[in-house]
2 protein chains.
Amino acid sequence: MARGKVQMRRIENPVHRQVTFCKRRAGLLKKAKELSVLCDADIGIIIFSTHGKLYELATNGTMRDLIERYRQSCGETQNVGDSTQPKVSTSCFDLFCSSHS
Amino acid sequence: MARGKVQMRRIENPVHRQVTFCKRRAGLLKKAKELSVLCDADIGIIIFSTHGKLYELATNGTMRDLIERYRQSCGETQNVGDSTQPKVSTSCFDLFCSSHS
DNA sequence: GCCTATTCATAAAG
DNA sequence: CTTTATGAATAGGC
């Protein structure tokens, strides 16, 4: 982005990667908050670092509520706005009920 | 941001809000993918528009797996990297177990 | 949806 | 941590 373009590959230098992770993570969360305020949207973000540390953000209410709402919506919604996922047919309800017969 | 600064309030004009929502949502998801690739992180994003439409992104695997992983981690993690939330003391496990005694 | 002027984010350096 | 040069995101128009 600055001082030279960055290539979209995994950053191999651990120090460099850590610095970039911190900066971009902050930027991403900021963007999410802005989108939430400007467009009155409800946004949740879950981030796991390489080392498995969890970072989260819920712009409205709690992540708990958001996941619960997600569980309901994804069972009704046929298609989401992003085409990254090939579309999984697994019902989201299974996630919460599979261990409780 | 461009052609004039935007104030951080809810955009009242519905058309304008819709346009901004589309543009910024795309930008947010792109940033998330970049962060995921560059820093080898696992990221999930859930977005509900004003009208309740769901948009989602899981950079690695499925949202189902990510939520499952989140459930486990948030019970172990004491603090997340973001200070937006005042810190909720409710155990995340309650979310999935409260209805099953 | 595409284009362009402008603001924003951020990689590299101090 | 703070600064700064530069690429990226995006608001407003078509």
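Mentor: Two strands are said to pair if DSSP finds at least two bridges between them, and with that in mind we can read this predicted model, in which strand E1 (residues 42-48) of chain A and E1(B) pair in the antiparallel sense over seven bridges.

Trainee: Which residue of E1(B) is the bridge partner of A:Ile46?

Mentor: The partner of A:Ile46 in that strand is B:Gly44.

Trainee: How many residues does each chain bring to the contact, and what area is buried between chain B and chain A?

Mentor: Chain B brings 60 residues and chain A brings 61 residues, while the buried area comes to about 5700 Å², with carbon and sulfur atoms giving 68% of that area. Within the area that chain B buries against chain A, 14% is supplied by B:Leu38, B:Phe48 and B:Tyr70, which is more than any other three residues supply.

Trainee: How many salt bridges and how many residue pairs in polar contact are found across the interface?

Mentor: The rule finds four salt bridges between chain B and chain A, one of which joins B:Arg24 to A:Glu34, with the closest N and O atoms 2.9 Å apart; there are also 16 residue pairs in polar contact, both residues being at pLDDT 80 or more.

Trainee: Which elements give two or more residues to the side of chain B that touches chain A?

Mentor: In chain B they are helix H1 (14-39), strand E1 (42-48), strand E2 (54-58), helix H2 (63-76) and helix H3 (93-97), and the largest share, 15 residues, comes from H1(B). Sorted by class, this side of chain B has 30 nonpolar, 15 polar and 15 charged residues.

Terms used: Residues numbered from 1 in each chain as written. Chains lettered and ligands numbered in written order. Predicted model: local features only at pLDDT ≥ 70, side-chain atom pairs only at ≥ 80, totals over all residues. Heavy atoms only, no water. Contact = heavy atoms within 4.5 Å. Buried area = accessible area lost by both parts, 1.4 Å probe. Salt bridge = Lys/Arg side-chain N within 4 Å of Asp/Glu carboxyl O. Polar contact = N/O pair within 3.5 Å; in protein donor to acceptor, adjacent residues only side chain to side chain. Helix = DSSP H or I, 4+ residues; strand = E, 2+ residues; numbered from the N terminus. Nonpolar A, V, L, I, M, F, W, Y, C, P; charged D, E, K, R; others polar.
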